[in-house]
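Visitor: I'd like to learn how to read a model like this one. Could you walk me through it?

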Amino acid sequence: MRSFGWWFAIGSLLALSVLMVQGGVRDLLDGAPPGSGASPYLSFGTTIFGGGLLAGCLALVMNRLR
């Protein structure tokens, strides 16, 4: 589980860095466009969590194959 935790953190940070490079700070501060009905924090949170899960699960699979 230590390997999963490490790669989950790395994947989350990588997803966050990609969001920030694509103008995420501006999007997060400005908020969602009116009428979209989506919270920008929820969108960012699910993207970051998904990046962490992807990296963590890939680490577990690669460790199992080795």
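Guide: Here is a short tour, from the overall fold to single residues. Keep in mind that this is a predicted model.

Visitor: Then let's begin with confidence. What is the mean pLDDT of the chain?

Guide: The general idea first: where pLDDT is low, the predicted coordinates should not be read in detail. In this case the chain has a mean pLDDT of 83, and 86% of its residues reach 70 or more.

Visitor: Good to know. How many helices and strands does the chain have?

Guide: You'll find 3 helices and 0 strands, so to speak a plain α-α-α when read along the sequence.

Visitor: And what do the contacts say about how the chain is put together?

Guide: Take the contacts between residues at least 6 apart in sequence: 77% of them join residues at least 24 apart. Asparagine 63 and serine 3 are 60 residues apart along the chain, with their C-alpha atoms separated by 8.7 Å. For leucine 60 and methionine 1, 59 residues apart along the chain, the separation is 8.5 Å.

Visitor: Where do asparagine 63 and leucine 60 lie?

Guide: Asparagine 63 is in helix α3, and leucine 60 is found in helix α3 too. Asparagine 63 is partly exposed, with a relative accessible area of 40%; leucine 60 is also partly exposed, at 38%.

Visitor: Now the aromatics. How do I read a pair of rings?

Guide: A pair of aromatic rings is described by the distance of the centres and the angle of the planes. The count here comes to 2 aromatic pairs. In one of them, the rings of phenylalanine 8 and phenylalanine 49 have their centres 5.7 Å apart and their planes at 70 degrees. Planes over 60 degrees apart count as edge-to-face, so that is the label for this pair.

Visitor: Which parts of the chain does the pair link?

Guide: Distant ones: phenylalanine 8 belongs to helix α1 (residues 2-21) and phenylalanine 49 to helix α3 (residues 40-65), 41 residues apart. Together with Phe4, Phe8 and Phe49 form one aromatic cluster.

Visitor: Why does phenylalanine 8 count as partly exposed?

Guide: Because its relative accessibility is 22%, and buried would need a value under 20%. Phenylalanine 49 is partly exposed as well, with 48%, where exposed would need over 50%.

Visitor: Is serine 12 buried or exposed?

Guide: Serine 12 counts as buried, because its relative accessibility is 11%. This residue lies in helix α1. Leaving aside neighbours within four places in sequence, serine 12 is in contact with Ile48, Gly51 and Gly52. Of the 66 residues of the chain, 21% count as buried.

Visitor: And the outside? What should I look at there?

Guide: Begin with the total: the accessible surface of the chain comes to about 5,000 Å², and 71% of it belongs to carbon and sulfur atoms. Then look for patches. Val61, Met62 and Leu65 form a nonpolar one on the surface, with about 330 Å² of accessible area together.

How values were computed
Residues are numbered from 1 along each chain as its sequence is written. This is a predicted model: local features need pLDDT of at least 70, side-chain atom pairs count only at pLDDT 80 or more; totals for chains, interfaces and linings use all residues. Side-chain values use heavy atoms; hydrogens and water are left out. Helices (H or I, at least four residues) and strands (E, at least two) are DSSP runs, numbered from the N terminus. Buried means under 20% relative accessible area, exposed over 50%, partly exposed in between (1.4 Å probe, protein chains only). Contact means heavy atoms within 4.5 Å. Accessible areas come from the Shrake-Rupley method with a 1.4 Å probe; for residues, only the protein chains shown count as cover. Rings of Phe, Tyr and Trp (its six-membered ring) pair if their centres lie within 6.5 Å; planes under 30 degrees apart count as stacked, over 60 as edge-to-face and the rest as tilted. Patches are made of residues with over 30% relative accessible area and no salt bridge: like charges are joined within 9 Å, nonpolar side chains (Val, Leu, Ile, Met, Phe, Trp, Tyr) within 5 Å. A salt bridge is a side-chain nitrogen of Lys or Arg within 4 Å of a carboxyl oxygen of Asp or Glu. pLDDT is the predictor's confidence in each residue, from 0 to 100.
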